[in-house]
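Here is a short tour of one protein chain, from its overall build down to a few side chains. Please keep the viewer open as you read.

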Amino acid sequence: VVFEFVRPATYRSPNRRYTDLVEEADRGPADVFVVHAWGSHFEGLAEACASARLPPQTRFYVDALSESQWGAGARPAEWWTQHVPGVIRATGRVLAVLSPW
């Protein structure tokens with residue numbers, strides 16, 4: 001998903017997140033932080049979110065969509081360990097996608 005959709009859609013502005021392309025009326029603070037393995041298929045992640053029995057208006061924080069994917073791998077571990085806990089605190093919920101199981 002990152003290389004086929006996210007990066008091509010955001011290549012003109014490396015600091016742009018995929019979520020920046022969503023209509024403003026459909027954006028807002030995330031309700032659930034989604035933990036997933038980068039090597040998993042995106043379909044499994046989407047299915048897990050859909051089957052989580054949450055209200056239809058639930059907004060999910062998925063790092064591949066919510067963070068710029070240009071240079072993400074070059075960020076130091078400290079950035080992730082400082083940034084992610086704040087996002088988790090702000091959402092108040094975590095959905096762990098364990099796929100494949």
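What percentage of the contacts in the chain with a separation of 6 or more is accounted for by residues 24 or more positions apart? The value is 74%, where contact means heavy atoms within 4.5 Å. A word on the ground rules: this is a predicted model, in which local features need pLDDT of at least 70 and side-chain atom pairs count only at pLDDT 80 or more, while totals for chains, interfaces and linings use all residues. Residues are numbered from 1 along each chain as its sequence is written, and side-chain values use heavy atoms, with hydrogens and water left out.

**Overall build**

The chain holds four helices and three strands, running α-β-α-β-α-α-β from the N terminus on. Helices (H or I, at least four residues) and strands (E, at least two) are DSSP runs, numbered from the N terminus. For 101 residues a compact globule would have a radius of gyration near 13 Å, and the chain agrees with its 14 Å; the radius is taken over C-alpha atoms, and the globule rule is 2.2 Å times the number of residues to the power 0.38. Along the principal axes, the C-alpha trace spans about 35 × 30 × 25 Å.

Of the 101 residues, 26% count as buried. Buried means under 20% relative accessible area, exposed over 50%, and partly exposed in between (1.4 Å probe, protein chains only). The chain exposes about 7100 Å², with 56% of it supplied by carbon and sulfur atoms.

**The nonpolar core**

In soluble globular proteins, nonpolar side chains tend to be buried together. Here the largest nonpolar core has 12 residues, among them Val2, Val32, Leu45, Val62 and Val97. Such a core is a set of buried Ala, Val, Leu, Ile, Met, Phe, Trp, Tyr and Cys residues joined through side-chain atoms within 4.5 Å. Helix 1 (2–10), strand 1 (32–35), helix 2 and helix 3 (63–66) each give two or more residues to this core, and helix 2 has the largest share, with three residues. As for Val62, its contacts include Val34, His36 and Leu45, leaving aside neighbours within four places in sequence.

**Aromatic pairs**

Rings of Phe, Tyr and Trp (its six-membered ring) pair if their centres lie within 6.5 Å; planes under 30 degrees apart count as stacked, over 60 as edge-to-face and the rest as tilted. By this rule there are two aromatic pairs.

| Pair | Centre distance | Plane angle | Type |
|---|---|---|---|
| Phe33 and Tyr61 | 5.2 Å | 20° | stacked |
| Trp79 and Trp80 | 4.6 Å | 85° | edge-to-face |

Phe33 lies in strand 1 and Tyr61 in strand 2, so their pair ties together parts that are 28 residues apart in sequence. Phe33 is buried at 8% relative accessibility, and Tyr61 is buried at 9%. Trp79, at 26%, counts as partly exposed, and Trp80 is partly exposed at 24%.

**Two buried threonines**

Thr58 sits in the loop between helix 2 (42–50) and strand 2 (60–61), and its 13% relative accessibility makes it buried. Its side chain reaches the backbone oxygen of Pro55 at 2.6 Å. Thr91 belongs to helix 4 (residues 77–91) and is buried at 13%; a polar atom of its side chain lies 3.0 Å from the backbone oxygen of Ile88. Not counting residues up to four places away in sequence, Thr58 touches Asp31 and Val32, while Thr91 touches Ala30, Asp31, Val32 and Phe33.

Note on methods. Polar contact = N/O pair within 3.5 Å; in protein donor to acceptor, adjacent residues only side chain to side chain. Areas by Shrake-Rupley, 256 points an atom, 1.4 Å probe, with all protein chains shown as cover.
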